[in-house]
Amino acid sequence: MKGKVAAMTGTREVEIKEYDVPKTDTGCVTMEVIKSNICGSDIHMWEGKHPFKNHVLGHEMVGRVLELGEGVTTDYAGEEVKVGDRVVPVYYLTCQKCEACLNGHFNICTHGSDFQGQHAEKYPHFTGGFATHYVIQANQYFYKVPENVPDNVASGANCGISQMVYAIDTSGLKINDTIVIQGAGGLGLFSSAISKTMGANVIIIDSIDSRLEEAKEFGADHVINMKEFDTVERRINEISRVTNGKGADFVLDVAGVPAAFDEAVRIAKMGGIILELGNVGIDESQNVSILPGLITRKCLTVKGILRYQPWYLHKTLQFLEKYNEQYPFNSLTDRSYSLKESQLAIEKAATKEVTRAIIEPNKVEKL
Ligand SMILES: [Zn+2]
Ligand SMILES: [Zn+2]
């Protein structure tokens, strides 16, 4: 049987390549990809700003089991799996042997990207989500998708949503705490719903009206429009007003701009906690000045978070099973493309003509 992948062949260049779908090796699972989201980091790679080259694009996906390798009878939560079941893999690997893994930090395993980043020509070829098939490796966590979670929602579970569930669940957020979320993009909306279900008071800051409207649907108690509250001081005053002078116990940065971190340090209350996820660039253009004395004097805790511990994908699927109808997770995709249109889809996503694009590699190919 033949299958196709959308591989990067150069900066801003995607080519559709065809390979034989290999027989499933021992311990592995071959799935047919149902849907695959275009994530910000896929765009980052396509623009050539990432070390991955000539790899198969896509890592946020949901698929259907096509063949189980010898020895595979359950997912990583011990639930029985059969051909035809919908599953979601954790998109990175855990080697269990590197310094990070030995200390239990599986989310920052040094070899986490070995499989995802490999050359498309290399066996087993189906190593990314923009493809008709995907091979889940023998040591790669994967979970069955609960029946009531639609494909559109499940396809985003293994990246952004799991990362936010992990960040918030491990942050120490408690009932009635106030969390200020900087940025009402996908990550901001997810974190609003998650914090809300944990009993927190949610405030979201953004400058785009439509995003702030969405934030309310995702449970935000208060929204702060940067066009109206146009200085850091005004925003701090507004946070103080809506919290009756208490301030922000937590500030979560998912804005994606360096200046947001400086603002987080200023916003957080005495003894507050800053969760930093939005800044991922580490070149000098991302440099920003902050007042370190504020961290000392306010006794702030700053926590950086990359990926998530792999079992958090299971917690996330359970969270979605419970809440995907209460919050409009299913409305977040605005356009779908075939695999052949991968290049176009990424272009539209990169220029923000389409905010949340999804690729359906099999459905459209068969038409
Ligand atoms: Zn992603
Ligand atoms: Zn490792």
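1. Basis. In this predicted model, local features need pLDDT of at least 70, side-chain atom pairs count only at pLDDT 80 or more, and totals for chains, interfaces and linings use all residues. Residues are numbered from 1 along each chain as its sequence is written, chains are lettered from A and ligands numbered from 1 in the order in which they are written, and side-chain values use heavy atoms, without hydrogens and water.

2. Zinc ion (ligand 1). Cys39 (SG), His59 (NE2), Glu60 (OE) and Cys159 (SG) coordinate the zinc ion (ligand 1) at 2.1 to 2.5 Å. Donors are N, O and S atoms within 2.8 Å of the metal (3.2 Å for Na, K and Ca); water is not among the atoms, so sites may look incomplete. Along the chain, the donors of ligand 1 have the spacing C-x19-H-E-x98-C. Cysteine 39, in the loop between β3 (29-37) and α1 (40-46), and cysteine 159, in helix α4 (residues 157-169), are 120 residues apart and link distant parts of the chain. Helices (H or I, at least four residues) and strands (E, at least two) are DSSP runs, numbered from the N terminus.

3. Geometry at ligand 1. The arrangement is irregular because the 4 donor atoms subtend angles of 80 to 132°. Four donors count as tetrahedral if all angles lie between 85 and 135 degrees; four count as square planar and six as octahedral if opposite donors are over 155 degrees apart and all others between 65 and 115; anything else is irregular.

4. Zinc ion (ligand 2). The protein donors here are Cys95 (SG), Cys98 (SG), Cys101 (SG) and Cys109 (SG), 2.3 to 2.4 Å from the ion. Their spacing is C-x2-C-x2-C-x7-C, and the site is tetrahedral, with angles of 102 to 121°.

5. Burial. Cysteine 39 is buried, at 14% relative accessible area, and cysteine 159 is buried at 10%. Cysteine 95 and cysteine 98 are buried as well. Buried means under 20% relative accessible area, exposed over 50%, partly exposed in between (1.4 Å probe, protein chains only).
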